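Dear colleague,

Please find below the structure that I am handing over to you. My findings follow directly after it.

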Amino acid sequence: MPQSAIRPIEWVDGEVVILDQTLLPHGEESVRCTRVAEVAEAICSLRVRGAPLIGIAAAYGLALAARGDEASVMGRVTRAADLLRATRPTARNLFWAIDRMVSRAEAGATADELLREARAIHEEDAETCRAIGDHGAPLIPQGATVLVICNAGSLATGGIGTSLAIIRAAHRSGKSVSVLACETRPLLQGARLTMWELMRDGIPATLITDGMAGTCMARGMVDLVIAGADRIARNGDTANKIGTYSLAVLARHHGLPFYIAAPMSTVDLSLADGSAIPIEERGPEEVRSFSGSPSAPADAPVFNPAFDVTPTELVAGIVTERGVMTAPYEKSLPA
Ligand code: MRU
């Protein structure tokens, strides 16, 4: 199937149709949302996930909420925005998309115009992904193996992904490139989603457990690491899926470049550094189980932060739709 065929979210006949990512790779089923509360539930439960895609889902959720009596669009959009803001705290794109929709509503946009805005956010993200791929592809040497974590592909964006866009662009340009994918405990986005995407594309990919990354680097099996991002502070500190920080430290120890790939909508210039990035903590059952089956004592105490922060000094570059930013990020990101 061609790369563009993965459509994790679509607006169809007045409904938001979401590919339920919790069922992948063994089930390909969609949920159809007619109310913003259903979109919020899909975001909280990770049926729809990945920072840019969460933003797109929220935009469509607001378009749903806007429908009805035109005189009270603003009230419905405000209530829906509050609901959606409370779903997942770390992904900057969620708040960026909500703010963009709310400011259109404040300017008097109709429900139809808000739907057009949501579609524009979706389409622009596809273009952004293409640009990230084109800017990042030259960073991958011929014959390289790229280590990735979580899923920063078509299932996380409105297009071909962020880190996976770079790998796809390099592959498409004729380079020989292969991937080592960390399974990404506890919810296995790497095993379930990244492997599914790459295998569909025919890009050589090997699955490892998260704890194997160090030994793979020590054995010379990795040439570079590319991770996505949920929120990037002004100084380049980057929140991404839990385990990313460990990979960055390992990469530094082994002298390997560690890159971040993300749209500018993930950059939060209001935060001076990563210490102020809100980190989502999720329920204990995710860690006490493996793929839905209990894997620990039922009452085992659990710590379950969904993201960690990689300090800027470990980041060799941030690939955005505007190009590859390098340190000092306080200068390159705002510029
Ligand atoms: O909890 P998730 O699956 O939403 O986490 C996703 C990630 O950490 C991704 O790497 C990030 O959102 C970038 S997606 C282009």
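How many residues surround the ligand, and which are the closest? The ligand is surrounded by 18 residues, of which R49, A51, R88, N240 and K241 are the closest; a residue counts as near when one of its heavy atoms lies within 4 Å of the molecule.

Please bear in mind that this is a predicted model, in which local features need pLDDT of at least 70 and side-chain atom pairs count only at pLDDT 80 or more, while totals for chains, interfaces and linings use all residues. Residues are numbered from 1 along each chain as its sequence is written, and side-chain values use heavy atoms, with hydrogens and water left out.

Ligand site. A backbone N or O atom of A51 lies 2.8 Å from an oxygen atom of the ligand. For G50, a polar backbone atom is 3.0 Å from a ligand oxygen. D230 contributes through its side chain, an N or O atom of which is 2.9 Å from an oxygen atom of the ligand.

Domains. The chain is assigned domain 1 (9-129) and domain 2 (133-332), with bounds that come from an automatic or database domain assignment. Their C-alpha centres lie 24 Å apart. The contact (heavy atoms within 4.5 Å) takes 27 residues from domain 1 and 34 residues from domain 2. Together the two domains bury about 2,400 Å², 53% of it on carbon and sulfur atoms; buried area here is the accessible area (1.4 Å probe) that two parts lose on being put together, summed over both.

Between domain 1 and domain 2 there are 17 residue pairs in polar contact, both residues being at pLDDT 80 or more. On the domain 1 side, helix 2 (51-66), helix 4 (92-106) and helix 5 (111-136) each supply at least two residues, and helix 5 gives the most, with five. Helices (H or I, at least four residues) and strands (E, at least two) are DSSP runs, numbered from the N terminus.

Salt bridges. The rule, a side-chain nitrogen of Lys or Arg within 4 Å of a carboxyl oxygen of Asp or Glu, gives a count of 17. One salt bridge is found across the interface of domain 1 and domain 2. R88 pairs with E280 in a salt bridge, with the closest N and O atoms 2.9 Å apart. Another joins the side chains of R47 and D20 (3.1 Å, N to O). R47 lies in the loop between helix 1 (36-44) and helix 2, and D20 in the loop between strand 2 (15-19) and strand 3 (30-33), so this pair ties together parts 27 residues apart in sequence.

Backbone. Most residues other than glycine have a negative phi, and most peptide bonds are trans. A cis peptide bond joins L24 and P25, with omega about 5°; P25 is in the loop between strand 2 and strand 3. A327 and P328 are also joined by a cis peptide bond, with omega about 0°. C150, which is not a glycine, has a positive phi of about 60°.

Yours sincerely

Terms used
A polar contact is a pair of N or O atoms within 3.5 Å; within protein, one must be able to donate a hydrogen and the other to accept it, and residues adjacent in sequence count only if both atoms are side-chain atoms.
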